[in-house]
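Me: Please walk me through how to read the features of this model, beginning with the sheet.

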Amino acid sequence: MEEIINKVANSALEVFDLEDYYPKGLRAQIDISQWLLEGFLLKEKDFREHLKNHNWSQYQDAYIAINCSTDAIVPAWASILVAIQLAPYAKKIVDGTLEDLDSSLYEEILRNLDYTAYKSKPVIIKGCSKKPVPTRAYILAAHYLQPFARSIMYGEACSAVPLYKESKK
């Protein structure tokens, strides 16, 4: 019987796994509509009272997305006021969805990585993940890897989709 050889493990292929960079910590979404009259009408005095009585400490060291789930027309200052209440507690605050939040986190992380280890190497951006890695993070990873990598693929080593190959000079 022939020995089974793992060609992937023996190849020069570098795996870039975005899950490795997923920041640990609670993520929460704050829906402003909870403080609007019937979810649609902002009455400033009532809104400010709700914010004053809210337990902001529950968001200690959390990543927060602020949005409004209804079609209410909410003035910009409302989200800013919520963010000001959160500032002493939250690690990061964004306007938008949880996906927007994760995209923002990945933008910061990926922008600051050193990609020189991938110089002239074939790279596969690992596709399957157990954590909520947004599409934007994959796009950013490819963008930052492209100046360094010889080639970029997406997926798993056994079924990768080629995305980029350095042109021969």
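**Reading the sheet**

Reply: Strands of a sheet pair through backbone hydrogen bonds, either parallel or antiparallel. Here 3 strands form an open sheet in the order β2-β3-β4, with parallel pairing. Strands are DSSP runs of E with at least two residues, helices are runs of H or I with at least four, and both are numbered from the N terminus; two strands pair if DSSP finds at least two bridges between them. The edge strands, each pairing on one side only, are β2 (27-31) and β4 (92-95). From one strand to the next, the twist averages 20°; axes are lines fitted to C-alpha atoms (for helices, over the stretch in contact), and angles run from 0 to 180 degrees between N-to-C directions.

This is a predicted model, where local features need pLDDT of at least 70, side-chain atom pairs count only at pLDDT 80 or more, and totals for chains, interfaces and linings use all residues. Residues are numbered from 1 along each chain as its sequence is written, and side-chain values use heavy atoms, leaving out hydrogens and water.

Me: How many bridges join β3 and β4?

Reply: β3 (residues 63-67) pairs with β4 in the parallel sense over 4 bridges. A65 has V94 in β4 as its bridge partner.

Me: Which strands does helix α4 touch?

Reply: Contact means heavy atoms within 4.5 Å. Helix α4 (residues 98-111) packs on the sheet and touches β2, β3 and β4, its direction making about 125° with that of β4.

Me: Is D102 buried or exposed?

Reply: Buried means under 20% relative accessible area, exposed over 50%, and partly exposed in between (1.4 Å probe, protein chains only). D102, found in helix α4, counts as buried because its relative accessibility is 4%. Leaving aside neighbours within four places in sequence, D102 is in contact with Y22, R27, P132 and P134.
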